[in-house]
Amino acid sequence: LTIVTAPRLLELKRPSAKNIAWVPNGVDYRAFQQAVSLPLPTTTGPILGYSGHTSSRLDLSLVHALAVARPAWQLVFAGSVSDAGCVDELAALRALPNVHFLGLLPVGQVPQFTAACDVGLIPYRVNDETRAISSLKLYEFLAAGKPVVSARVPAAEEHADVVFVVNSSVEAWIAGIEAALASNGDPTAAAARQRVAAANTWEERVEQI
């Protein structure tokens with residue numbers, strides 16, 4: 001049995017396997033649902049967070065444009081960073097006062113980071129790679145009840161009822177983030193997000209396998 005992690009990967013790998021199934025990422029629901037906020041480097045303005053690998057996979061020029069357009073927004077990145085193919089874009093981001101890179105966090109602090117964010121961002125470039133991604137951070141933000149704004153990739157569109165899925169323009173992202181911020185703190189919206197996460201736990205994935 002070959003297990004892959006997104007419908008696009010299922011299409012790509014099907015010719016190579018006699019028996020193949022799609023098992024997407026899951027979430028440690030309780031850890032993210034119950035997390036207490038991690039103190040972050042800034043307390044001014046809403047915190048827009050990204051958790052994961054920062055690289056050319058992300059639309060860093062878009063992120064830069066967002067940070068410049070809304071200097072009160074604090075964009076905080078937690079996780080590893082690779083500058084391969086994006087040296088200039090990362091340098092431009094690091095030069096902005098409202099963009100912060102925390103580096104790798106201990107595993108136990110990732111739920112705390114998520115809880116500290118007002119909005120979760122998934123600013124992928126839309127290409128074959130990201131169309132095949134099953135986004136772990138999506139379920140983590142939802143488990144924490146946090147609104148998520150994502151590029152238009154299948155992993156996000158699958159949950160468009162609880163995720164703000166936007167096109168690649170700066171204007172669309174600003175509108176999506178503003179809508180997400182307005183929904184932050186709404187207990188009904190948070191509960192709907194958490195119901196999606198609760199149906200996508202690692203225990204559910206084990207049962208599926």
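Some housekeeping before you click on. This is a predicted model, so local features here need pLDDT of at least 70 and side-chain atom pairs count only at pLDDT 80 or more, while totals for chains, interfaces and linings use all residues. Residues are numbered from 1 along each chain as its sequence is written, and side-chain values use heavy atoms, with hydrogens and water left out.

**Stop one: the largest pocket**

Select S51, V107, V110, L136 and E140. Of the 15 residues lining the largest pocket, these lie nearest its centre. The elements giving two or more residues to that lining are α2 (29-33), α5 (110-116) and α7 (136-143); helices here are DSSP runs of H or I with at least four residues, strands are runs of E with at least two, and both are numbered from the N terminus. The largest share, three residues, comes from α7.

The pocket's volume is about 340 Å³. For the method: on a 1 Å grid over the protein atoms alone, a pocket is an open set of points where a 1.4 Å probe fits, with protein on both sides within 12 Å along at least five of seven lines, and lining residues have an atom within 4 Å of a point. Points are joined across faces, edges and corners, and the volume is the space filled by probe spheres set on them.

Colour the lining by class and you get nine nonpolar, three polar and three charged residues. Nonpolar covers Ala, Val, Leu, Ile, Met, Phe, Trp, Tyr, Cys and Pro; charged covers Asp, Glu, Lys and Arg; the others, Gly among them, are polar.

**Stop two: helix α7**

Seven of its eight residues are buried, so α7 is largely enclosed by the rest of the structure. Buried means under 20% relative accessible area, exposed over 50%, and partly exposed in between (1.4 Å probe, protein chains only). To see the buried set, pick K137, L138, Y139, E140, F141, L142 and A143. Following α7 comes G145, with a positive phi near 80°.

**Stop three: S55**

Jump to S55, in the loop between β3 (47-51) and α3. S55 is buried too, at 9% relative accessible area. Beyond its neighbours within four places in sequence, S55 is in contact with L60, S82 and C86.

**Stop four: salt bridges**

The structure holds four salt bridges, each a side-chain nitrogen of Lys or Arg within 4 Å of a carboxyl oxygen of Asp or Glu. Here are some to select.

- R70 and E178: the closest N and O atoms are 3.3 Å apart. This pair links distant parts of the chain, 108 residues apart, with R70 in the loop between α3 (60-69) and β4 (74-78) and E178 in helix α9 (residues 170-183). R70 is partly exposed at 29%, and so is E178 at 38%.
- D128 and R131: their side chains meet at 3.2 Å, N to O. Being three residues apart in helix α6 (residues 128-131), they are separated by about one helical turn. R131 is partly exposed, with 35% relative accessibility.
- R152 and E157: N to O is 3.3 Å. R152 is partly exposed at 36%, as is E157 at 37%.

Technical notes:
Contact means heavy atoms within 4.5 Å.
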